[in-house]
Amino acid sequence: MRYYKIVVKGSEKMAELVIVRHGQSQANRDNIFTGWTDVPLTPKGIEQGELVGKELLRLGIQFSDAYTSYMERAIMTTNIILEEINQLYIPVHKTWRLNERHYGALSGRNKDEVKKEIGAEQLHKWRRGFKDLPPQLKERQHDRRYDRLGVKIPLSESLEMTLQRLLPYWQDHIAPRLIDGHNQLIVAHGSSLRALIKYLDGISDDNIDKVEVPNGKPILYRFDDHLNVIKKTFITMDGEIDDNTRISK
């Protein structure tokens with residue numbers, strides 16, 4: 001399935017989008033695959049969320065909406081950021097479509113131990129490749145938060161599958177608000193944000209494995225009135241903006 005950017009003429013205000021990966025979780029700290037498993041933030045992760053908020057406060061960006069996943073680590077980071085920028089009042093939209101990629105049978109396993117078993121090359125394909133599918137669970141899990149939505153938890157997901165389930169939400173909810181000139185904030189996960197970056201930057205399937213999204217490092221996008229990216233910048237820890245951030249396609 002292929003999706004296209006929405007084209008609208010006549011918009012006067014160029015909207016801004018900030019995307020940020022949640023702060024360090026206990027699984028990040030312990031080098032564990034998590035996927036759709038809930039894990040809390042570490043003290044460092046909480047601090048990272050606070051620092052992101054302070055950076056955005058200095059920039060003075062006023063958001064109309066925030067979006068996050070159904071995962072605790074992303075929800076908590078969202079709340080921390082909004083508190084720091086004095087914007088807890090804006091709507092926060094939670095969606096499973098922004099969840100981390102489901103790592104299937106790798107979930108809960110230590111990454112170094114998996115690397116010893118299957119080798120660095122195969123592990124890199126599972127973690128950073130576009131079409132490579134991690135080993136699947138033998139049976140489907142159930143969780144009330146998804147059962148109530150009628151969403152089946154995946155047996156595992158590739159980055160391509162993550163992009164396919166994310167894009168309809170982007171097209172239907174986030175993109176229209178940007179087109180109307182409303183600044184948006186997305187707080188999500190390494191894989192779901194890599195998938196979105198691939199789409200926004202037009203990165204090829206072969207080059208997406210070079211893209212990393214660190215915890216607590218916000219990225220700012222500015223769009224023209226056709227919702228094409230005109231500027232992409234990383235926001236640094238001291239509040240300055242580094243403009244040399246375009247990724248090779």
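Accessible areas were computed by the Shrake-Rupley method with a 1.4 Å probe; for residues, only the protein chains shown count as cover. On this basis, the protein chain has an accessible surface of about 11900 Å², and carbon and sulfur atoms hold 47% of that surface. The model is predicted: local features need pLDDT of at least 70, side-chain atom pairs count only at pLDDT 80 or more, and totals for chains, interfaces and linings use all residues. Residues are numbered from 1 along each chain as its sequence is written, and side-chain values use heavy atoms, without hydrogens and water.

The protein chain contains 8 helices and 7 strands. These are DSSP runs, numbered from the N terminus (helices: H or I, at least four residues; strands: E, at least two). Of the 249 residues, 51% are buried (under 20% relative accessible area, 1.4 Å probe, protein chains only). Among contacts (heavy atoms within 4.5 Å) with a separation of 6 or more, 75% join residues 24 or more positions apart.

Helix α7 spans residues 159–179 and bends by about 50° at Trp170. The bend is the angle between axes fitted to the seven residues ending at a residue and the seven starting there. Gly181 follows α7, with a positive phi near 90°.

Helix α8 covers residues 190–201; its axis and that of α7 come within 9 Å and cross at roughly 70°. The two helices are therefore roughly perpendicular (65 to 115 degrees). Axes here are lines fitted to C-alpha atoms over the stretch in contact, with angles from 0 to 180 degrees between N-to-C directions. Residues of α7 in the contact include Leu159, Leu163 and Trp170; those of α8 include Arg194, Leu196 and Tyr199.

Technical notes
Angles under 35 degrees count as roughly parallel, over 145 as roughly antiparallel, 65 to 115 as roughly perpendicular and the rest as oblique. Buried means under 20% relative accessible area, exposed over 50%, partly exposed in between (1.4 Å probe, protein chains only).
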